[in-house]
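Subject: Structure for you, with notes

Dear colleague,

Here is the structure I promised. Please open it and keep it beside these notes as you read.

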Amino acid sequence: MITLSGWITLVVLAASIVVFVGGWLAPEIVAVSAAGLLIATGVLEPSQALAGFGSPALITLLGMFVLSQGLLHSGALDRLRELLSSPRIRGQQQLVVLLGAVVAPLSAVIPNTPIVAILLPVIEGWCRRRGVSPSRVLIPLSVATITGGTLTLIGTSTSLLASDVSAGLGYGGFQLFSFTAIGIPVWLIGSLYLLLASRWLPDRGLNASGTLTELTRQGYLTEVVLPRRSPLTGTTLHASRLQRRFDVDVLSVHRRGQRLQPPLAELRLKAGDRLLLRCTRGELLRLQQDEMVALAGTLLEADEEPATNGTPAAEPTPIRLTEVLLPTGSMLAGSSLRELRFRQRFNATVLAVKRANTTLHDRLGRLPLKAGDLLLLQAPLDAIRGLQENSELVVLDELESDLPTTHRKWLAVLTMALVLLVSGLNLIPLVAAVLLGVGVLVVGGCLDASSALRSIRWDVFLLLGGLFSFSAALQQSGLAQLAADGLQGWLQGWPVYLALVAVYAVTMVGTELLSNGATVVLLLPVVAKLAEGLGQPPLLFIYAVVFAASQSFLSPIGYQTNLMVFSPGNYRFLDFLRFGWPLTATYALVIPAVILHVMGGG
């Protein structure tokens, strides 16, 4: 019988899932709000609902973000960059071998999101030099980091969250290498699959790759505004000979928010008019140098008629066009360029935005940004260097030589090695080792305190801390026991292996529909009680959920690294499904068998 607290939990849970799937609110806001509702309705005490925010696993995850940033900032991964961009890597298969053999194990100790962020521009540069389509290698980059993440406890946030939930259920937390015996076969199978199946990835070509950088080579669409002193004001497009003189196509003209109807040839232009142009990079720069137009993509109203006093402003550094990616979890997502005051904040002007397979170019200032968007920027070189230090955007151009370095790479590497050693040998708890490592990096100059704070993914902190309340509510309300009884009735009499396969499949579907964190906190209390009912060790089923939730290959939105490579690779939604389903099916059959072999049971 479902109690009143059980019904309340079901309503809050159902509403949260609807909002999760609909994407109407940021996931972390949904999780925190749900925790507040469970407290307000009396289902949970505040200490129960908020216990996740102070959990050792979550604190460990925050510290890992800082340790990873210290490695990246100190140049400790420079050798990996050099290896991947080496002229000795001449073909796609060689690069894929490196991704499986080197990058995947690295993601066992560094969160995969920063690994993908730092290697994206390196691999894109390699593709341009070798004439290989990025679509042939970027999905393997994401898959490699995902499969390698299960080698250790700190490889994914999912594993750390599961450790906390398991401890809360009374089965104890996990050690640093608890998953390694199972994770090694997972990594080897994934690497072999990448080597065999990457040849079947779509080849979208270089010129048709869809990246904004390639668009600029053939001409791109951008919006400009006519300043007061423009030679074009007061003339018609025909009389100005703009299109013949500069090889520019004027596609539309906007005046005071209204789109003027064609024909446009005899239209007399006025100061403040917005023109949508198709032109090459060089032609746009010529128009700007002659003070005929000003870029309008993100200009605020006060900027649309700049006063030049007849003298163009001196530029402190060379102007460059660059491509940046809005990663998952960026605080910029959900706000428009105008609201962010993007141009003033980053000293960069957005020329175009690419979302999935669509390039957006009209009225960019009012466009709300989304995770996965690609932005084509024009900015001074020093501004682009600053963007490389900003965790809210990922610069997809190779400017490594321009980045400042602290020359503390060996300290960063030694610190990470010691953290792994002392925690792996159980000399001190993992959370203590990580926090001490953070202190060493900051005191040792690998990272300053402000950079350390900026490296923390606070959205992940809020999401995982809020989700912990669902696990507590499922236990407190008795829903976990009811769900386990229902599953036990269905699985009674099944071989343990098939029961594990069923749990793996359910977790996999939940991960694709919701998120890996949400799936873990919802299913772990249920499968633990299911295992007890079936007379099996609970950790068997807990591990099946952890590994299923950590492997997501079927959609670009199922895992954050998939979304990061989606636009740069010019992929389509079904590309992930076509490439990922054989590996997903293989894992669904193999991982439960490996878990049984390693842990016993049956």
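Just after α4, Gly75 takes a positive phi of about 85°. This is a predicted model, so please read every value below as computed from it.

Next, the salt bridges. How many does a search of the whole structure find? Two.

One joins Asp273 and Arg255, with the closest N and O atoms 2.7 Å apart. This pair links distant parts of the chain. Asp273 sits in the loop between β3 (258–259) and β4 (274–279), while Arg255 belongs to strand β2 (residues 249–255). Asp273 counts as buried because its relative accessibility is 0%, under the 20% cut-off. Arg255, at 18%, also falls under that cut-off and so counts as buried.

The other joins Arg578 and Asp575, with the closest N and O atoms 3.2 Å apart. Both residues lie in helix α27, three residues apart, or about one turn of the helix. Are they buried or exposed? Arg578 is exposed at 54% relative accessibility. Asp575 is buried at 5%.

Helix α27 (residues 573–599) also holds Thr584. That threonine is buried, with a relative accessible area of 7%. Leaving aside residues up to four places away in sequence, Thr584 touches Met508, Phe553 and Leu554.

Now the aromatic rings. The count comes to 12 aromatic pairs. Among them is Phe174 with Phe179, an edge-to-face pair at 5.1 Å centre to centre, with 70° between the planes. Phe174 is buried, with a relative accessible area of 8%. Phe179 is buried too, at 0%.

Phe179 also pairs with Phe547. That pair is edge-to-face as well: 5.7 Å between centres and 90° between planes. Which parts of the chain does this pair tie together? Phe179 lies in the loop between α9 (157–169) and α10 (180–197), and Phe547 lies in helix α25 (residues 538–549), so the contact ties together parts that are 368 residues apart in sequence. Phe547 counts as buried, at 1% relative accessibility.

Take these rings as a group when you look. Ring pairs link Phe174, Phe179, Tyr543 and Phe547 into a cluster.

Last, the surface. Leu414, Leu418, Leu421, Leu425 and Leu427 form a nonpolar patch there. Together they have about 500 Å² of accessible area. One of them, Leu425, is found in the loop between α18 (409–424) and α19 (430–443). Leu425 is exposed, because its relative accessible area of 53% is over the 50% cut-off.

If you have limited time, start with two places. One is the ring cluster of Phe174, Phe179, Tyr543 and Phe547.

Best wishes

How values were computed. Residues numbered from 1 in each chain as written. Predicted model: local features only at pLDDT ≥ 70, side-chain atom pairs only at ≥ 80, totals over all residues. Heavy atoms only, no water. Phe/Tyr/Trp six-rings, centres within 6.5 Å; stacked < 30°, edge-to-face > 60°. Buried < 20%, exposed > 50% of the residue type's maximum accessible area, 1.4 Å probe, protein only. Helix = DSSP H or I, 4+ residues; strand = E, 2+ residues; numbered from the N terminus. Patch = residues over 30% accessible without salt bridge, like charges linked within 9 Å, V, L, I, M, F, W, Y side chains within 5 Å. Areas by Shrake-Rupley, 256 points an atom, 1.4 Å probe, with all protein chains shown as cover. Salt bridge = Lys/Arg side-chain N within 4 Å of Asp/Glu carboxyl O. Contact = heavy atoms within 4.5 Å.
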